[in-house]
Amino acid sequence: MKIAVVGATGEVGRMMTRVLQERNVRPDEISFFASARSAGEGVEFYGRKHRVKELTEEAMRERYDYLLFSAGAAVSRQYAPIAAEAGSVVIDNSSAFRMDPAIPLVVPEINGDLLKGYSSGIVANPNCSTIQMVLALYRVHERYGIRSIVVSTYQSVSGAGKNGMNELEDQMRGHIAPKKFVKQIHLNVVPQIGSLLENGFTDEEMKMVNETRKILRDPDISVWPTTVRVPVLYCHSESIFTETRKPFDLPGIEAALEAGEHVVFSRDMFTPLDAAGTDLTYVGRVRAFDDTRFLMWNVADNIRVGAATNAVRILLKHRELN
Ligand SMILES: NC(=O)c1ccc[n+]([C@@H]2O[C@H](COP(=O)([O-])OP(=O)(O)OC[C@H]3O[C@@H](n4cnc5c(N)ncnc54)[C@H](OP(=O)(O)O)[C@@H]3O)[C@@H](O)[C@H]2O)c1
């Protein structure tokens, strides 16, 4: 098997390299690409040092069994189609192709079946906040039908990559000018992630609206998100209000949450520090006043569950099905 990681020096790229080893994926050949800025840096894989290469169109014309992309949407738009054309399977963490109707948007536990027979081309990895929300809710949707979701996120700075983490750390040391975030993030909470659109929502919020419908294969689910950046290093948290089509009782909802693959339902309370470094989505504080609406809290590691682990799970599922 021949694999390459594109964006190998970034938060997600480094974690994908780590998760491949944790899952004992042993390719015969592996390459690591980034921009010219980091070309020549070293990446360790199963104890061997590999040199990071500069990403070029020529390198993407070679066929790989799997190319794991996490270098931003502009890089994906330029290079992923070339790789797909060369017969590679591209697993893309960026937002570039997620809403393209011809491209599967995959959370393997929910719609991994879409990978069967998909011999080459781009597979999109969803947005991090969307992944942990749909993982928590997909069994509820199967059993009770979700009519609407109102979600407020509490997203960590690592969601904005290594520059986002550096910005919080710099501000903690006293350099306070915001660059990556729209306002100071240290000692603050910023209710805007991404750019503001004409409808008043941000592009991050619209990803949650559109991607949820695509992954759960239901264009009628109405999603009302507010995405918020908080000064936490790893893990996104979400307060989620869900309205169902069919009536439920609370034990039924708890059983549906518990039935989710890689989901932990608990009456304990989970925080980002509890979830960091794990591959699980934690759900708790489930409560309701009536039988069609409930509230819950959910936490997951955005770099793992929301990006790297989902990408490696796509790779493994693709191998299993093809
Ligand atoms: N962080 C998250 O929670 C998360 C979750 C889901 C999806 N994603 C997506 O994953 C992607 C990467 O995010 P990240 O958080 O890992 O960002 P990051 O830490 O900023 O890393 C970006 C990576 O892309 C590389 N890169 C940038 N421009 C490039 C170019 N022109 N050619 C080749 N490589 C280039 C960088 O290489 P250099 O070292 O050379 O700059 C670095 O390896 C983004 O599309 C992001 O939206 C992130």
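This is a predicted model: local features need pLDDT of at least 70, side-chain atom pairs count only at pLDDT 80 or more; totals for chains, interfaces and linings use all residues.

Reader: How do you know that the protein chain has domains, and where do they run?

Author: The bounds come from an automatic or database domain assignment. The chain is divided into domain 1 (2-126 + 307-321) and domain 2 (129-302). Taken over C-alpha atoms, the centres of domain 1 and domain 2 are 24 Å apart.

Reader: What makes you say that residues of domain 1 are in contact with residues of domain 2?

Author: Contact means heavy atoms within 4.5 Å. By that cut-off, 21 residues of domain 1 are in contact with 19 residues of domain 2.

Reader: Which residues lie nearest the centre of the largest pocket, and how many line it?

Author: The lining has 49 residues, and Gly72, Gly159, Ala160, Gly161 and Lys180 lie nearest the centre. The elements that give two or more residues to this lining are α1 (11-22), α3 (73-85), α6 (161-172), α7 (203-215) and α10 (304-321). The space in the largest pocket is about 1300 Å³. Domain 1 and domain 2 each supply at least three residues of its lining.

Reader: How do you know how many residues in the lining of the largest pocket are polar?

Author: Each residue is sorted by type, and Gly is placed among the polar ones. On that basis the lining has 22 polar, 17 nonpolar and 10 charged residues.

Reader: What lines the second largest pocket?

Author: The second largest pocket holds about 250 Å³ of space. Of its 15 lining residues, Ala8, Arg14, Met15, Thr17 and Arg18 are the closest to its centre. Two or more lining residues come from each of α1 and β3 (42-45). Helix α1 gives the largest share, six residues. By class, the lining has six nonpolar, four polar and five charged residues.

Reader: Why is Glu11 called buried?

Author: Glu11 is found in helix α1. Buried means under 20% relative accessible area. Glu11 has 12% relative accessibility, so Glu11 counts as buried.

Reader: What makes the pair Glu11 and Arg14 a polar contact?

Author: A polar contact needs a pair of N or O atoms within 3.5 Å, one able to donate a hydrogen and the other to accept it. The side chains of Glu11 and Arg14 are joined by such a contact at 2.9 Å.

Reader: Which residues is Glu11 in contact with, leaving aside neighbours within four places in sequence?

Author: They are Gly161, Lys162, Met165, Tyr234 and Ile303.

How values were computed:
Residues are numbered from 1 along each chain as its sequence is written. Side-chain values use heavy atoms; hydrogens and water are left out. On a 1 Å grid over the protein atoms alone, a cavity is a set of points where a 1.4 Å probe fits but cannot get out, and a pocket is an open set with protein on both sides within 12 Å along at least five of seven lines; lining residues have an atom within 4 Å of a point. Grid points are joined across faces, edges and corners, and a volume is the space filled by probe spheres set on the points. Helices (H or I, at least four residues) and strands (E, at least two) are DSSP runs, numbered from the N terminus. Buried means under 20% relative accessible area, exposed over 50%, partly exposed in between (1.4 Å probe, protein chains only).
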